[in-house]
Amino acid sequence: MTEGLSIVLAILLALLLDYRFQEPRSYHPLVGFGNLAIWLEKHLNRYRNGSQGDASGKWRGIFAWCLAVLPITFVACVLMDILALNIWLETLIGAAVLYLCIGWQSLLSHGRAIAVPLGQGDMGGARQAVSMIVSRDTSELDETAIATAATESVLENGADAIFAAIFWFCLLGVPGVVLYRMSNTLDAMWGYKNRRYLKFGWAAARADDVLNFIPARLTALSYCLVGKMSAGFKAWKRQRGNWKSPNAGLVMSSGAAAIGVKLGGGAVYHGKWQDRPVLGLVEDPTPKARDIEAACRLVNKAILCWYLVIAALAMAPSLWLTVRLM
């Protein structure tokens, strides 16, 4: 079995495991990693009583990121060097690790847990469900705002929780996907622009931006290809620099136009109103419960698109080698 076919088989097995079992409900390795991140932040971040800490905050954040990510990535490299002697075992371990690093069915379940009560007019249930996946205030959200928040989350997290993980697995194998998933987790924990994390979380946020730069654009491309193509590319061209994140806005704007809805707009985060640009095309309607489901279907179609492209590349070993060496 060639390396390309091994990658294709590992991705298939990982997706099947995720489809059947979703994320492990207990003993997930990322829980332990999250506890490590909490311990490191507690001992290295000098944030106290509303201050931003001292001038060494960024350096402490860089040091904490390195302590959290690099040793585990090194262990993954050593492990895969050993397993390279048996390609079948390498494939099975790769599939298991990738399964632990993606959140396909979990993402869809969260989206549908919002869409169902929202479609039934259960605003309290919908607000409670959307509060589980977004950081904005949800207590006063109306139907449109709930649908907007949920649709944005499905589209953006499709890139973070699925496609970026697959990209780094294809490019660097198990060490690549481990590096990406830990970096993305640290960004979720430390990458806030508040007093506590503005300096300390700078490295985590920048690392995640860099690691998501190419995957986000490939995700946006796939959303365009499997959705309303012309509208998706038009939104990409018009809005690629509008959002505060170099990656999330591009993914959400392309995805919004690809399913024919308008996202973005102002929202309340941590008690403060934030003006946000409109994503998608201005003439598109505001989202409803059915559009959350449409976003879920778009993610599923994009997964199929990615898998077919990866499988096609694997059938041409010389082309696969070129992609791996880029």
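Guide: Contact here means heavy atoms within 4.5 Å, and with that in hand we can walk through this predicted model.

Visitor: What do the buried residues of α2 pack against?

Guide: The buried residues of α2 pack against α3 and α7, and those buried residues are Phe33, Gly34, Ala37, Leu40, Glu41 and Leu44.

Visitor: Why are they said to be on the same side of α2?

Guide: They cover an arc of only 120° around the axis, and therefore they lie on the same side of α2, while Val31 and Lys42, on the other side, are exposed.

Visitor: Why is Ala68 called buried?

Guide: Buried means under 20% relative accessible area, and Ala68 has a relative accessibility of 1%, so Ala68 counts as buried.

Visitor: Where is Ala68 found, and in which helix?

Guide: Ala68 belongs to helix α3, which covers residues 57-83, and, leaving aside its neighbours within four places in sequence, Ala68 is in contact with Phe33, Leu36, Leu40, Met182 and Leu186.

Visitor: How do you know that the span of α2 is close to the one expected?

Guide: Helix α2, residues 29-44, has 16 residues and reaches 23 Å from its first C-alpha to its last, which is close to the 22 Å expected at 1.5 Å a residue.

Visitor: Which residues have the most contacts inside the largest nonpolar core?

Guide: That core has 90 residues, and those with the most contacts inside it are Ile11, Ile162, Leu186 and Trp190. Helix α7, residues 143-190, gives the most to this core, with 26 residues.

How values were computed:
Residues are numbered from 1 along each chain as its sequence is written. This is a predicted model: local features need pLDDT of at least 70, side-chain atom pairs count only at pLDDT 80 or more; totals for chains, interfaces and linings use all residues. Side-chain values use heavy atoms; hydrogens and water are left out. A nonpolar core is a set of buried Ala, Val, Leu, Ile, Met, Phe, Trp, Tyr and Cys residues joined through side-chain atoms within 4.5 Å. Buried means under 20% relative accessible area, exposed over 50%, partly exposed in between (1.4 Å probe, protein chains only). Helices (H or I, at least four residues) and strands (E, at least two) are DSSP runs, numbered from the N terminus. The expected span of a helix is 1.5 Å times one less than its number of residues. The arc is that of the directions from the helix axis to the C-beta atoms.
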